[in-house]
Amino acid sequence: MDPISKVQHAQHLVDAPACDMCRRGNSLDFAFSYAFQPIIDIRARKVFAHEALIRGPQGEGARFVLDQVTSANRYQFDQACRIKAIEMAARQRITSKVSINFLPNAIYRPEVCISTTLKAAKQYGFPIDRIVFETIEGERVDDGKWLAEVFREYQRIGFMTAIDDFGAGYAGLNLLADFQPDIIKLDMELVRHIASRKASQIIVRGVTGICRELGILLIAEGVETLDEYHCLQDMGVELIQDYLLCKPLFEDCLEDIEAVLPL
């Protein structure tokens with residue numbers, strides 16, 4: 001779809017009537033907030049994106065919030081997360097891309113359920129081509145075909161898409177053969193101690209080559225040591241998200257990139 005058609009399609013969805021779940025949806029009975037962790041392009045020495053990570057209203061960990069999510073409020077929670085992430089990103093004046101985790105199992109019709117997100121982006125003046133949707137960590141998705149269908153619709157509208165934990169569970173080569181996202185995030189177990197694990201190095205080099213051939217960006221997350229950082233750098237991995245460089249910042253975002261990058 002060309003850029004003009006994407007804009008027209010997105011506007012059509014903004015104007016579309018809400019689905020039954022939206023109309024019948026109740027407000028959440030608990031509060032939450034976000035921390036933003038940068039995804040850093042270590043070659044260009046700039047922030048590529050910030051991932052919006054769910055937190056409690058006082059900075060409590062994600063589990064504090066997720067333990068309050070049930071089958072009854074899952075849809076409302078997913079919709080509320082999208083709106084709040086966009087609102088906070090706009091308020092923080094984040095100029096990079098913003099990665100938002102979503103619950104595939106909370107989506108009924110992707111072309112309708114996305115309308116709330118588009119309305120929030122319009123309300124807060126946040127361009128949709130700077131929004132990345134990625135599956136929430138630990139969310140079990142049994143139907144890879146369904147996830148691919150959701151992602152295709154998001155790409156058609158103009159969002160970027162990311163597969164988290166690539167190499168673990170459903171997020172493997174079978175899904176990649178059916179759907180090519182904009183971004184793949186390596187499973188942290190592949191990154192852990194990679195400098196001393198030859199097998200992990202071979203696998204990551206292979207995934208790096210696949211991504212290059214398919215035009216997919218590759219992010220390594222969970223980097224905790226300089227040895228891991230330099231090993232990945234030597235293998236051509238340019239996008240890093242880790243505790244080594246910057247931990248998630250509660251209701252804040254990274255501004256001084258040079259303060260966190262190694263020389």
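Strand β5 is mostly covered: seven of its seven residues, 160-166, are buried. In this predicted model, β5 pairs in parallel with β4 over three bridges and in parallel with β6, also through three bridges. The protein as a whole has eleven helices and nine strands. Of its 263 residues, 51% count as buried.

- β4 spans residues 131-135. In its pairing with β5, Phe133 has Thr161 as bridge partner.
- β6 and β7 (residues 217-223) run parallel and are joined by four bridges.
- β6 is covered on both faces. Ile183 and Lys185 are buried on one side, Ile184 and Leu186 on the other.
- In a regular strand, side chains alternate between the two faces of the sheet.

- β1 (residues 33-41) and β2 are antiparallel, with nine bridges between them. Ala35 sits opposite Leu53 of β2.
- The two strands form a hairpin, with four residues between them.
- Ala52 stands opposite Ile100 of β3.

**Positive phi angles**

- Most residues other than glycine have a negative phi.
- Arg45 is not a glycine, yet its phi is positive, about 55°. Arg45 lies in the loop between β1 and β2.
- Arg45 counts as partly exposed because its relative accessibility is 32%, between the 20% and 50% cut-offs.
- His193 is another residue other than glycine with a positive phi, near 60°. His193 is found in the loop between α9 (188-191) and α10 (198-214).
- Gly125 follows helix α6 and has a positive phi near 65°.

**Helix α6**

- α6 runs from residue 115 to 124. Its buried residues are Ser115, Thr116, Thr117, Leu118, Ala120 and Ala121.
- In an α-helix with 3.6 residues a turn, residues three or four places apart point the same way.

**The cavity**

- The structure holds one cavity of 30 Å³ or more. The largest cavity has a volume of about 40 Å³.
- Its lining consists of Ile39, Phe48, Ala49, Ser99, Val132, Glu134, Ala162, Ile183, Lys185 and Ile219.
- β2, β4 and β6 are the elements that give two or more residues to this lining.
- By class, the lining has seven nonpolar residues, one polar and two charged.
- Two of the lining residues, Ile183 and Lys185, are the buried pair on one side of β6.

**Gln241 in β8**

- Gln241 belongs to strand β8, residues 239-242.
- Gln241 counts as buried because its relative accessible area is 2%, under the 20% cut-off.
- Beyond its neighbours within four places in sequence, Gln241 contacts Gln37, Pro38, Ile39, Glu51, Lys185, Ile219, Ala220, Glu221, Gly222 and Val223.
- Among these contacts, Ile39, Lys185 and Ile219 also line the largest cavity.
- Val223 is 18 residues from Gln241 along the chain, and their C-alpha atoms are separated by 7.0 Å.

**Whole-chain figures**

- Among contacts with a separation of 6 or more, 71% are between residues 24 or more positions apart.
- The accessible surface comes to about 12,700 Å². Carbon and sulfur atoms account for 50% of that surface.

Conventions: Residues numbered from 1 in each chain as written. Predicted model: local features only at pLDDT ≥ 70, side-chain atom pairs only at ≥ 80, totals over all residues. Heavy atoms only, no water. Buried < 20%, exposed > 50% of the residue type's maximum accessible area, 1.4 Å probe, protein only. Contact = heavy atoms within 4.5 Å. Areas by Shrake-Rupley, 256 points an atom, 1.4 Å probe, with all protein chains shown as cover. Pairing = 2+ DSSP bridges. 1 Å grid on protein atoms, 1.4 Å probe; cavity = no way out; pocket = protein on both sides within 12 Å on 5 of 7 lines; lining within 4 Å. Points joined across faces, edges and corners; volume = space filled by probe spheres on them. Nonpolar A, V, L, I, M, F, W, Y, C, P; charged D, E, K, R; others polar.
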